[in-house]
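Please open the structure in your viewer and keep the selection panel at hand. We will go from stop to stop, and at each one you will be told what to select and what is there.

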Amino acid sequence: MANPWRGEVALVVDGKPRTMRLTLAALAELEARLESESLIELIGRFETGGFRVRDLIALLVAGLNGGGWAVSEAEFVNRGIDGGPLAAAEAAARLLKLTFTVPGEDEAA
């Protein structure tokens, strides 16, 4: 089960719940893979909707690797994601948000 206090997000792949987490190693992998100038630039792509499908795949794979499931992008793209591309994009957005904020921090008290 994903723990949001650890920055974890669940993604159901081929009917099996997987945990995603952006560890420092996963972030470094992601930054290098997308040839991003900085994490801020990378996050900006997602915040403004300027991300590409390859950005989304790279983010999800980095998160899955950080969560303990070693999967390559080539393997991942042939898998089924419950909820399809929209669920994948929503999980990716949540993953970025939880990585850089404390859960509940932006909610009204």
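Predicted model: local features only at pLDDT ≥ 70, side-chain atom pairs only at ≥ 80, totals over all residues.

**The nonpolar core**

Begin by selecting Leu-11, Met-20, Leu-22, Leu-30, Leu-59, Leu-60 and Phe-76, which, of the 30 residues in the largest nonpolar core, touch the most other members. Now colour the strand β1 (9–13) and the helices α1 (24–33), α2 (39–47), α3 (53–66) and α5 (84–100), each of which supplies at least two residues of this core. Which element gives the most to this core? It is α3, with eight residues.

**Along α5**

Select α5, which has 17 residues and reaches 25 Å from its first C-alpha to its last, close to the 24 Å expected at 1.5 Å a residue. Within this helix, show the side chains of Ala-88, Ala-91, Ala-92, Leu-95, Leu-96 and Leu-98, which are buried. If you then display the surroundings, you will find that the buried residues of α5 pack against β1, β2, α2 and α3.

**Salt bridges**

Side chains of opposite charge can pair when their charged atoms come close. How many salt bridges does a search of the whole structure find? The search finds four, and the next stops visit some of them.

Select Arg-79 and Asp-14, which form a salt bridge whose closest N and O atoms are 3.2 Å apart. Because Arg-79 lies in the loop between α4 (73–76) and α5, while Asp-14 lies in the loop between β1 and β2 (16–20), this pair ties together parts that are 65 residues apart in sequence. Arg-79 counts as partly exposed, at 34% relative accessibility, and Asp-14 is likewise partly exposed, at 45%.

Move on to Glu-73 and Arg-33, where the closest N and O atoms of the salt bridge are 2.9 Å apart. Here too distant parts of the chain are linked, since Glu-73 is in helix α4 and Arg-33 in helix α1, 40 residues apart. Glu-73 is partly exposed, with a relative accessible area of 24%, and Arg-33 also counts as partly exposed, at 34%.

Now select Asp-55 and Arg-52, a salt bridge with its closest N and O atoms 3.5 Å apart. Is Asp-55 buried or exposed? At 0% relative accessibility, Asp-55 counts as buried, whereas Arg-52 is partly exposed, with a relative accessible area of 41%.

**A charge over a ring**

Select Arg-18 and Trp-69 together, and turn the view until you can see the charged end of Arg-18 sitting over the ring of Trp-69, 3.8 Å from its centre. If you look for pairs of aromatic rings as well, the count comes to zero.

**The start of the chain**

For the last stop, select Trp-5, whose place is in the segment before β1. At 62% relative accessibility, Trp-5 counts as exposed.

Technical notes
Residues numbered from 1 in each chain as written. Heavy atoms only, no water. Core = buried A, V, L, I, M, F, W, Y, C linked by side-chain atoms within 4.5 Å. Buried < 20%, exposed > 50% of the residue type's maximum accessible area, 1.4 Å probe, protein only. Helix = DSSP H or I, 4+ residues; strand = E, 2+ residues; numbered from the N terminus. Salt bridge = Lys/Arg side-chain N within 4 Å of Asp/Glu carboxyl O. Expected span 1.5 Å × (residues − 1). Contact = heavy atoms within 4.5 Å. Phe/Tyr/Trp six-rings, centres within 6.5 Å; stacked < 30°, edge-to-face > 60°. Lys NZ or Arg CZ within 6 Å of the ring centre and 35° of its normal.
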